[in-house]
Amino acid sequence: MAKSERVKRLCYVVCLFLFILFVSRKLNQVAFMLAFHRGELYTLLIMIQWIIPMTVFILWKREGERIADLGFVKEGYAKQIIWGLLIGAFLISIVFIIPDLISGKPVIREEIQINIGGVIYYIAGVAAAEEILFRGYILKELEYINKSKVFCAVISSAVFGLFHIFNKNLYQMIMAAFFGMIVCAFKQNVKWCTLLSVIIAHGVHGVWGIHFTGF
């Protein structure tokens, strides 16, 4: 496929996913309003989140590409998991722990309780879906368009920040872009940092932020 066609398709895909994200937000609100049972609610939310990666897989297969080319590796699972945990711990340190220590805030709020359903939803839904889209599909398409690692990392991370626009929080958009740059750098330069690794890192970072600090 010509570069111009890839750029055009990537723009269409980004717009499509922004629309899907908007619809997902509305469906989430409806689900809460209908007072679903907690287990049913988390199952529904995970299914909604997986609209995005399933669309990615369909688009990828239509072009004759292998799902593995998105960044999944079939060997060295232990190394991939370890790298995911290490990157997650690194992100937690620089985003939450160090700033809290400097400012004198408690690193872990006493009133925070771990919600297992919420943890599963965030890792299996949010983290997996977003990483397959951004550090999988979009990053790979950008690599076909431009071989520069910096270009690909910056653009994919900027789009990742843009996707947080519905939160109506500029700081969160900037932090999302910063997060994207870090995980891109690891994925692009560390052999065993794969798409599975960044899904784990994203999940660990998000679970800590939501369930331990109330971020």
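This is a predicted model: local features need pLDDT of at least 70, side-chain atom pairs count only at pLDDT 80 or more; totals for chains, interfaces and linings use all residues.
The secondary structure of the protein consists of eight helices and zero strands. Along the sequence, the pattern reads α-α-α-α-α-α-α-α. Of the 215 residues, 45% count as buried. Among contacts between residues at least 6 apart in sequence, 79% join residues at least 24 apart. The mean pLDDT of the protein is 84, and 87% of the residues score at least 70. Among the elements, the lowest mean pLDDT, 74, belongs to helix α2 (residues 38–49), whereas α6 has the highest, 94.

The largest nonpolar core contains 40 residues. Within this core, the residues with the most contacts are Phe17, Val56, Leu133, Tyr137, Ile138 and Phe163. Two or more residues of the core are given by each of α1 (3–33), α3 (51–62), α4 (77–103), α5 (116–145), α6 (149–162), α7 (170–189) and α8 (195–211). Helix α5 supplies the largest share, nine residues.

Helix α7 takes part in two of the helix contacts described here, one with α5 and one with α4. The axes of α5 and α7 come within 12 Å and cross at roughly 65°, and the crossing is right-handed. On the α5 side, the contact is made by Glu131, Arg135, Leu139 and Glu143. The α7 side provides Phe179, Gly180, Val183, Cys184, Lys187 and Gln188. By class, the contact of α5 with α7 has four nonpolar, two polar and four charged residues.

The axes of α4 and α7 are 11 Å apart, and the two helices pack at an angle of about 145°. Here too α4 passes α7 in a right-handed crossing. The residues of α4 in the contact are Trp83, Ile87, Phe90, Leu91, Ile94 and Val95. Those of α7 are Met175, Phe178, Phe179, Ile182, Val183 and Phe186. The contact of α4 with α7 comprises twelve nonpolar residues, with no polar and no charged ones. Phe179 and Val183 of α7 are listed both in the contact with α5 and in the contact with α4.

Definitions and conventions:
Residues are numbered from 1 along each chain as its sequence is written. Side-chain values use heavy atoms; hydrogens and water are left out. A nonpolar core is a set of buried Ala, Val, Leu, Ile, Met, Phe, Trp, Tyr and Cys residues joined through side-chain atoms within 4.5 Å. Buried means under 20% relative accessible area, exposed over 50%, partly exposed in between (1.4 Å probe, protein chains only). Helices (H or I, at least four residues) and strands (E, at least two) are DSSP runs, numbered from the N terminus. Axes are lines fitted to C-alpha atoms, for helices over the stretch in contact, and angles run from 0 to 180 degrees between N-to-C directions. A crossing is left-handed if the near helix is turned anticlockwise from the far one by less than a right angle, and right-handed if clockwise. Contact means heavy atoms within 4.5 Å. Ala, Val, Leu, Ile, Met, Phe, Trp, Tyr, Cys and Pro count as nonpolar, Asp, Glu, Lys and Arg as charged, and the others, Gly among them, as polar. pLDDT is the predictor's confidence in each residue, from 0 to 100.
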